[in-house]
Amino acid sequence: MSDKKIIIAIDGYSACGKSTLARAIAKHLGYIYIDTGAMYRAVTLFFLRKGLLIDQQIISNAEKLNLILDQIEISMKINQLDGKTETYLNGELVEKEIRSMEISSWVSKVSELQQVRTKLVSLQQQMGKNKGVVLDGRDIGTKVFPAAEVKLFLTADQMVRARRREKELLDESVDVKLDEILRNITERDRMDTERKESPLVRAADAIVIDNSSLTKREQFDAVLDIIEKVINKDLNA
Ligand code: DC
């Protein structure tokens, strides 16, 4: 394969396996993996700790929000033991905390805020400016990197997604009921697609992959094939 570095944007619904795919592709290509959902989750954790999230409401006004956002510094570091990217909030490792159901239940609300999006989109653009990156999220191909060389849009049956997430959580000894997971996925899909700021929508030039009945391996091979064609296009032109 050529040395040409590109940007790979993976968008799609909640719990579609975007991060698993993105991580595997990044590892294979020697690219940096950027989990943008983790950034929205870290901001949500900060808001929760500051007592801003109460009764389904975000207690803040625009001015206060800017001051609060200025206090947040998010970074990603690679864990040297397992090679996985981990999220830090103001220097604190928060990878486990940001995956809780409490954060999952608030994160879509927090990500509706235009000021939050402006801050995180600019951070993501900064992180990916040298290319050689795989980003997963909801607005990567439409907003963060609209000129990404490869754009994928992942989808899968909601029950299939809920069962996969249940297994993941059980493997981590987190006890959560299937119907609670399904409700959370359905609600996040609704909020992410209906919000005013950068809603989740397939970019016109994104390739749709429904992975309901694909194994991880089948999906990985199909995606790698798409990427290799793009990377090698110039060489064969
Ligand atoms: O990928 P995830 O499930 O960890 O993302 C958590 C939430 O963050 C998701 O429900 C919506 C929001 N999000 C977003 O609005 N834009 C992104 N690029 C990534 C995530």
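Where is the place of alanine 15? We begin the tour there, after two notes on the model.

Residues are numbered from 1 along each chain as its sequence is written, and side-chain values use heavy atoms, with hydrogens and water left out. This is a predicted model, in which local features need pLDDT of at least 70 and side-chain atom pairs count only at pLDDT 80 or more, while totals for chains, interfaces and linings use all residues.

**Stop 1: two loops**

Select alanine 15, which has its place in the loop between strand 1 (7–12) and helix 1; helices (H or I, at least four residues) and strands (E, at least two) are DSSP runs, numbered from the N terminus. The phi of alanine 15 is near 60 degrees, a positive value in a residue other than glycine. Most residues other than glycine have a negative phi. Alanine 15 is buried, with a relative accessible area of 12%, where buried means under 20% relative accessible area, exposed means over 50%, and partly exposed lies in between (1.4 Å probe, protein chains only).

Select asparagine 90 next, in the loop between strand 6 (85–89) and strand 7 (92–93). Its phi is near 45 degrees, again a positive value in a residue other than glycine, but asparagine 90 counts as partly exposed, at 38% relative accessibility.

**Stop 2: the whole chain**

Now show the whole chain, which has nine helices and ten strands. The radius of gyration of the chain is 18 Å, close to the 18 Å that the globule rule gives for 237 residues, so the chain is as compact as a globular protein of that length; this radius is taken over C-alpha atoms, and the globule rule is 2.2 Å times the number of residues to the power 0.38. Along its principal axes the C-alpha trace spans about 55 × 40 × 35 Å. Of the 237 residues, 46% count as buried. Among contacts (heavy atoms within 4.5 Å) between residues at least 6 apart in sequence, 74% join residues at least 24 apart.

**Stop 3: the ligand**

Which of the 14 residues around the ligand come nearest? They are Arg41, Arg117, Asp139, Arg188 and Arg195. The shell around the ligand divides into two nonpolar, five polar and seven charged residues; here Ala, Val, Leu, Ile, Met, Phe, Trp, Tyr, Cys and Pro count as nonpolar, Asp, Glu, Lys and Arg as charged, and the others, Gly among them, as polar.

Colour helix 2 (36–49), helix 4 (101–110) and helix 8 (178–194), each of which supplies at least two residues of this shell. Helix 2 gives the most, with four residues.

In threonine 36, an N or O atom of the side chain is 3.0 Å from a nitrogen atom of the ligand. In serine 108, a polar side-chain atom lies 3.1 Å from an oxygen atom of the ligand, and in arginine 188 a polar side-chain atom lies 2.8 Å from an oxygen atom of the ligand. Taken alone the ligand exposes 450 Å², and the protein buries 96% of that, with accessible areas coming from the Shrake-Rupley method with a 1.4 Å probe.

**Stop 4**

Select isoleucine 103 in helix 4, a buried residue with a relative accessible area of 1%. Not counting residues up to four places away in sequence, isoleucine 103 touches Arg41, Thr44, Leu45, Leu48, Glu97 and Ile98.

Move to glutamine 124 in helix 5 (residues 114–127), which is buried, with a relative accessible area of 0%. Leaving aside neighbours within four places in sequence, the contacts of glutamine 124 include Thr36, Met39, Tyr40 and Ile140.

Isoleucine 140 and leucine 200 are 60 residues apart in sequence and 9.4 Å apart in space, C-alpha to C-alpha.

**Last stop: arginine 23**

Apart from neighbours within four places in sequence, arginine 23 is in contact with Tyr33 and Lys84.

Technical notes
A residue is near a molecule or strand if one of its heavy atoms lies within 4 Å of it. A polar contact is a pair of N or O atoms within 3.5 Å; within protein, one must be able to donate a hydrogen and the other to accept it, and residues adjacent in sequence count only if both atoms are side-chain atoms.
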